[in-house]
Amino acid sequence: MKIPQDVRDFLESLLTDANMLFNEDSAKEEMIKELFARLDSYLATTIAENMPDEHLDAFIKMNEDGKTREEIEAFIKDKMPNASEIFAKAFADFRDMYLRNIMVSRNAPE
């Protein structure tokens, strides 16, 4: 699984903001992979909620057909109004949700 560098940087900063400490690089890498899978799912939901209905089936088919990241990004930019703003909000919302969940789990009674 190839994580784009800008997304990797975002996920690493998220772990730093959450004060997550790792004894081994492999544990950190596994956490980044897990967070990437969660983020990917979250972004797919965001796209589905914001893509105009007339383009949603084509978007789904592109993913099923294994189109490249560049092709999918170009399609989204072309077909989804305000894509940049939607993604910026989605990344911020994901960050807030993750940090909130970390805080809740750390403060939960044992």
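1. A nonpolar core is taken here as a set of buried Ala, Val, Leu, Ile, Met, Phe, Trp, Tyr and Cys residues joined through side-chain atoms within 4.5 Å. The model under review is predicted.

2. The largest nonpolar core holds 18 residues, of which Leu 11, Leu 14, Leu 35, Leu 39 and Tyr 98 touch the most other members. Two or more residues of this core come from each of H1, H2 and H5. The most come from H2, which gives six.

3. Leu 11 shows part of this packing. Beyond its neighbours within four places in sequence, Leu 11 is in contact with Ile 32, Leu 35, Phe 36 and Leu 39. A second, separate core has eleven residues, among them Ile 47, Met 51, Met 80 and Ile 86.

4. Thr 46 belongs to helix H2, which covers residues 25–50. Its relative accessible area is 9%, and because buried means under 20%, Thr 46 counts as buried. With neighbours within four places in sequence left aside, Thr 46 is in contact with Ile 86 and Ala 90. Ile 86 is also one of the residues of the second core.

5. At least two lining residues of the largest pocket are supplied by each of H1 (5–17), H2, H3 (53–64), H4 (69–79) and H5 (83–107). H2 gives the most to this lining, with six residues.

Conventions:
Residues numbered from 1 in each chain as written. Predicted model: local features only at pLDDT ≥ 70, side-chain atom pairs only at ≥ 80, totals over all residues. Heavy atoms only, no water. Helix = DSSP H or I, 4+ residues; strand = E, 2+ residues; numbered from the N terminus. Buried < 20%, exposed > 50% of the residue type's maximum accessible area, 1.4 Å probe, protein only. Contact = heavy atoms within 4.5 Å.
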